[in-house]
Amino acid sequence: MMLQINISEQDRWLSSDELCECSDISSALLLELVEHSIAIPFEGVELAQWQFSVENLLVVQKATRIQRDLALDWGDTALILQLLDEREQLERQVLMLKQQLKRFKA
């Protein structure tokens with residue numbers, strides 16, 4: 001069971017231990033997620049020093065859910081996350097273009 005956390009604006013960074021605890025994953029799995037660029041530490045050279053953004057928590061939780069539900073390996077899970085991100089970017093672009101077109105027609 002994953003822990004629910006409340007994160008204030010001042011606490012937008014998580015240590016590797018906090019990320020593991022909040023995502024209910026082991027440090028060995030976190031290493032694997034970093035190897036596949038699913039979780040990307042913004043600071044620190046090794047596991048004990050790594051700091052992650054809160055957005056990484058959401059990505060790790062999404063990745064573990066996708067991997068578990070679809071029984072994929074982590075490489076395939078990373079690819080799916082990348083494709084989902086690209087789809088979201090395209091949806092935002094389409095929405096922005098539709099809004100521009102609406103203003104042009106008015």
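Tutor: The answer below starts with the chain as a whole and then takes the contacts in turn. This is a predicted model, in which local features need pLDDT of at least 70 and side-chain atom pairs count only at pLDDT 80 or more, while totals for chains, interfaces and linings use all residues. Numbering starts from 1 along each chain as its sequence is written, and side-chain values use heavy atoms, with hydrogens and water left out.

The protein chain has four helices and two strands (DSSP runs numbered from the N terminus: H or I of at least four residues for helices, E of at least two for strands). Along the sequence their order is β-α-α-β-α-α. Of the 106 residues in the chain, 27% are buried (under 20% relative accessible area; exposed is over 50% and partly exposed is in between, with a 1.4 Å probe and protein chains only).

The charged pairs come next. Side chains of opposite charge can pair when their charged atoms come close. There are four salt bridges (a side-chain nitrogen of Lys or Arg within 4 Å of a carboxyl oxygen of Asp or Glu). One of them joins arginine 12 to glutamate 55, at 2.6 Å from N to O. Arginine 12 belongs to the segment before S1 and glutamate 55 to helix H3 (residues 54-70), so this bridge links distant parts of the chain, 43 residues apart. Both partners are partly exposed: arginine 12 has a relative accessible area of 29%, and glutamate 55 has 41%.

Helix H3 also takes part in a bridge to helix H4. Glutamate 88 lies in helix H4 (residues 74-105), and 26 residues separate the two partners in the chain. Relative accessibility is 33% for glutamate 88 and 29% for lysine 62, and each counts as partly exposed.

Arginine 87 and glutamate 91 have their closest N and O atoms 3.1 Å apart; they are four residues apart, about one turn of the helix. Arginine 87 is partly exposed at 48% relative accessibility, as is glutamate 91 at 44%.

The aromatic side chains form two pairs (rings of Phe, Tyr and Trp, the last by its six-membered ring, with centres within 6.5 Å; planes under 30 degrees apart are stacked, over 60 edge-to-face, the rest tilted). Tryptophan 13 and phenylalanine 42 make a tilted pair, 4.1 Å centre to centre with 35 degrees between the planes. Because tryptophan 13 is in strand S1 (residues 13-15) and phenylalanine 42 is in the loop between H2 and strand S2 (51-53), the pair ties together parts 29 residues apart in sequence. Tryptophan 13, at 44% relative accessible area, is partly exposed, and phenylalanine 42 is partly exposed at 42%. The pair of tryptophan 50 and phenylalanine 52 is edge-to-face, because the planes stand at 90 degrees, with ring centres 6.0 Å apart. Tryptophan 50 is buried at 9% relative accessible area, and phenylalanine 52 is buried at 0% relative accessibility.
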